[in-house]
Amino acid sequence: MGGSGEKRVKGFQGKRGVPKGCLAIKVGQGEDQQRFVVPVIYFNHPLFMQLLKEAEEEYGFDQKGTITIPCHVEHFRNVRGIIDTENSLLHHNHARCFGF
């Protein structure tokens with residue numbers, strides 16, 4: 001593994017353990033930023049698209065490095081909760097359609 005201290009976990013990529021199908025983003029402004037790992041499917045959700053639009057307005061379309069969402073961390077957590085709840089309900093409803 002080398003001397004970098006990096007551990008490889010099956011299904012994870014990169015230096016900081018980002019699972020396949022996910023992307024690390026930064027949320028917050030100035031010194032008050034936190035790192036989140038979100039599924040790429042979030043990028044298709046209208047609420048997340050609005051956050052990306054706000055990021056574009058704040059930083060421009062050509063951000064370098066990690067995508068930064070310029071909203072309060074607590075607001076992002078609320079949006080993430082809504083998206084997760086909707087995805088859970090959608091998955092549950094589809095499972096019933098197929099008899100699972």
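**Questions about a predicted model**

Biologist: Which residues does valine 27 touch, leaving aside those up to four places away in sequence?

Modeller: In this predicted model, valine 27 touches Asp32, Gln33, Gln34, Phe36, Ile69, Cys71, His72, Val73 and Phe76, where residues up to four places away in sequence are not counted, and contact means heavy atoms within 4.5 Å. Residues are numbered from 1 along each chain as its sequence is written, and side-chain values use heavy atoms, with hydrogens and water left out. Because the model is predicted, local features need pLDDT of at least 70 and side-chain atom pairs count only at pLDDT 80 or more, while totals for chains, interfaces and linings use all residues.

Biologist: What is the mean pLDDT of the chain, and what share of its residues reach 70 or more?

Modeller: The mean pLDDT, which is the predictor's confidence in each residue on a scale from 0 to 100, is 79 for the chain, and 74% of the residues reach 70 or more. Over residues 1-14 the pLDDT is below 50, although this stretch has 13 contacts in the model beyond near neighbours in sequence; over residues 94-100 the pLDDT also stays under 50, with 1 contact beyond four places in sequence. Where pLDDT is low, the predicted coordinates should not be read in detail.

Biologist: How many helices and strands does the chain have?

Modeller: The chain has 2 helices and 5 strands, given that helices (H or I, at least four residues) and strands (E, at least two) are DSSP runs numbered from the N terminus. Along the sequence they follow the pattern β-β-β-β-α-β-α.

Biologist: How do you know which strands belong to the open sheet, and in what order?

Modeller: Two strands pair if DSSP finds at least two bridges between them; S3 and S5, which run parallel, are joined by 3 bridges, so they meet that rule. The open sheet holds 3 strands in the order S4-S3-S5, with mixed pairing, and S4 and strand S5 (67-69) are its edge strands, each pairing on one side only.

Biologist: Which residues touch the most other members of the largest nonpolar core?

Modeller: Ile25, Val27, Val38, Phe48 and Phe76 do, in a core of 15 residues. A nonpolar core is a set of buried Ala, Val, Leu, Ile, Met, Phe, Trp, Tyr and Cys residues joined through side-chain atoms within 4.5 Å. The elements giving it two or more residues are strand S3 (22-29), strand S4 (32-39), H1 and H2, and the largest share, 4 residues, comes from H2.

Biologist: What makes glutamate 57 and lysine 53 a salt bridge?

Modeller: A salt bridge is a side-chain nitrogen of Lys or Arg within 4 Å of a carboxyl oxygen of Asp or Glu; the closest N and O atoms of glutamate 57 and lysine 53 are 4.0 Å apart, so the pair is counted. Both residues lie in helix H1 (residues 46-59), 4 residues apart, about one turn of the helix. By this rule the count comes to 2 salt bridges, one of them formed by arginine 77 and glutamate 74, with closest N and O atoms 3.7 Å apart.

Biologist: Why is glutamate 57 called exposed?

Modeller: Buried means under 20% relative accessible area, exposed over 50%, and partly exposed in between (1.4 Å probe, protein chains only); glutamate 57 has 59%, so it is exposed. Lysine 53, at 43%, is partly exposed, and arginine 77, at 32%, is partly exposed as well.
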